[in-house]
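I set out to record in this notebook what I looked up in one protein structure. The entries follow the order in which I worked.

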Amino acid sequence: MRAQAAVRREALSAWPGWPARWEMWTGAKARWITYALGCELVAVVATGGALVTGFGGPVRPVWFAVLVALGVAQAEMSRRIERLRRWMSGQTHINVTSVWYLAGVVLLPPAWVALLAVVLYTHLWLRVWRQVRTRPAHRFVASTAWAMLSCFAASSVLAVSGLHGTPLQTTRGLFALCLAAAVFELVNIGLVAAGIYLYTSQRSAADLIGTWEDNAFELATLCLGGLAALALAEQPVLVVFVVAPLLLLHRYLLLKQQLQVAAVTDEKTGLLNTAGWHDSAVREHTRSQRRGAAGGGFAVLMIDLDHFKRINDTYGHLTGDDVLAAVAVAISGAVRQGDTTGRFGGEEFVVLLPGVGRAEVLGIAERVRAAVGELNVVISTGGGTVRVGGLSVSIGVARHPDAGPTLDDVLRSADAALYRAKEAGRNRVAV
């Protein structure tokens, strides 16, 4: 019996859904896990307690159902846009469902508007975010808890102050609407910023709370939320006129993100261009200085594709571009998930390796060299199929702060090491 139980335990522990194997335990810091679990517990307890006690007054099921229907319909109409936004998204992400959250804060008791957040977030997870796979499930659950707490806090303030149910067309109603929006936004910014900081240790305002433009967009969605609440309370049929401008705002944000991505992307390889990579490196250098010696430092790999001119001369520049794209994929696959790869122009690439030790950086460099050496690039041309193999790269390695205190020092050291690797016969790593 004990043997059978041991076999069952071993089989269960090997199952990907077993809690001990969740990415949360291996991909996140302990302090973030504590914070996220704490927020989730508070959200569940507060919502459950309010449902049991009837805090905030009775619910109007019709309003709850209408807001769910509107939120789901808007998400379905903009599903493709949201997938693209999620795929391109950086650290912060403005969520247009706050339109329906603010309307719910004004029209629903605290517990029910928190449940509205759960329903709309779950729908987005099932229909959009899970398919894009840019965010682990544990971060989705934490984001849901933050939305619940923001909605609950804003609605609770209205309930405690006696402003719930105030006619919105009056001055008192306008004050209630502005107060609800302010509380919702401030609580949400605070919860999200704390979560991002604990997850990434980033401290810049843009990383934690977004840019001024991001927050202006959030303000626009809250304004639409106020109009939606007013329409539902006074003339429900008019709420459909909120959906069209919301979809246009959503599409505008996608266009903005596409332009931002295009500005820092190398068109031939899909990697960051020089400006985009350098911007990431500057931020990492700042973080490294702030963390000090305990942060592990960062390293740079300067990578040059050996004898690339021969490929262009033999097969033509279009084939050379295809080879560069294949090499970019090989390099990206050989480095770690959090590393940043860019193209410095011509046949030269660069990789930023944050939080890496002296021994580990050499292992990563050797993985890159081996991955490129194993490439066989098959390219279809007008004259048939071309197979390009026997590729190799020379790699220069430099690490901060060993190579110097500034980012320029590290880059110059990596570049000097690259030239030593080429002078020593190519297809090797030099430090």
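**Entry 1**

I began with Trp100, which touches Leu67, Leu70, Gly71, Gln74, Leu116, Leu120, Ala228, Val239, Val242, Val243 and Leu246, residues up to four places away in sequence being left out. Contact here means heavy atoms within 4.5 Å. I noted that this is a predicted model, in which local features need pLDDT of at least 70, side-chain atom pairs count only at pLDDT 80 or more, and totals for chains, interfaces and linings use all residues. Residues are numbered from 1 along each chain as its sequence is written, and side-chain values use heavy atoms, with hydrogens and water left out.

I then looked up the largest nonpolar core, which has 63 residues. A nonpolar core is a set of buried Ala, Val, Leu, Ile, Met, Phe, Trp, Tyr and Cys residues joined through side-chain atoms within 4.5 Å. Buried means under 20% relative accessible area, exposed over 50%, and partly exposed in between, with a 1.4 Å probe and protein chains only. Which members of this core touch the most other members? They are Trp32, Trp100, Tyr101 and Leu116. At least two residues of this core come from each of α3 (30-53), α4 (61-77), α6 (98-107), α7 (110-132), α8 (137-160), α9 (171-200), α11 (212-234) and α12 (240-263). Helix α8 gives the largest share, 11 residues. Another core, of 34 residues, lies apart from this one and includes Val368, Ile379, Val388 and Val393.

**Entry 1: The whole chain**

I counted elements next and found 17 helices and 7 strands. Helices (H or I, at least four residues) and strands (E, at least two) are DSSP runs, numbered from the N terminus. The chain has 431 residues, of which 47% are buried. Among contacts with a separation of 6 or more, 73% join residues 24 or more positions apart.

**Entry 2: Helix α15**

The buried residues I noted in α15 include Thr319, Gly320, Val323 and Leu324.

**Entry 3: The second largest pocket**

I looked up the second largest pocket, whose volume is about 290 Å³. Of its 16 lining residues, Trp63, Val106, Leu107, His164 and Gly165 are the closest to its centre. Helices α6 and α11 are the elements that give two or more residues to this lining. The lining divides into 9 nonpolar, 5 polar and 2 charged residues. On a 1 Å grid over the protein atoms alone, a pocket is an open set of points where a 1.4 Å probe fits, with protein on both sides within 12 Å along at least five of seven lines; lining residues have an atom within 4 Å of a point.

**Entry 4: Buried charged residues**

Is Glu185 buried or exposed? Glu185 is in helix α9 and counts as buried because its relative accessibility is 14%. Glu185 touches Asn215, Glu218 and Leu222, leaving out residues up to four places away in sequence.

Arg139 lies in helix α8 and is buried, with a relative accessible area of 19%. The C-alpha atoms of Arg139 and Ile33 are 9.8 Å apart, although 106 residues separate the two along the chain.

Asp409 is in helix α17 and counts as buried at 18% relative accessibility. Beyond neighbours within four places in sequence, Asp409 is in contact with Ala403 and Gly404.

**Entry 5: Backbone angles**

Most residues other than glycine have a negative phi, and most peptide bonds are trans. I therefore recorded the following cases against that general rule.

- The peptide bond from His400 to Pro401 is cis, with omega near 10 degrees; Pro401 is in the loop between β6 (393-400) and α17 (407-423).
- His307 has a positive phi, near 55 degrees, and lies in the loop between β1 (298-305) and α14 (308-315). At 34% relative accessibility, His307 counts as partly exposed.
- Arg426 has a positive phi of about 65 degrees and is in the loop between α17 and β7 (429-430). At 29% relative accessibility, Arg426 counts as partly exposed.

Terms used
Grid points are joined across faces, edges and corners, and a volume is the space filled by probe spheres set on the points. Ala, Val, Leu, Ile, Met, Phe, Trp, Tyr, Cys and Pro count as nonpolar, Asp, Glu, Lys and Arg as charged, and the others, Gly among them, as polar.
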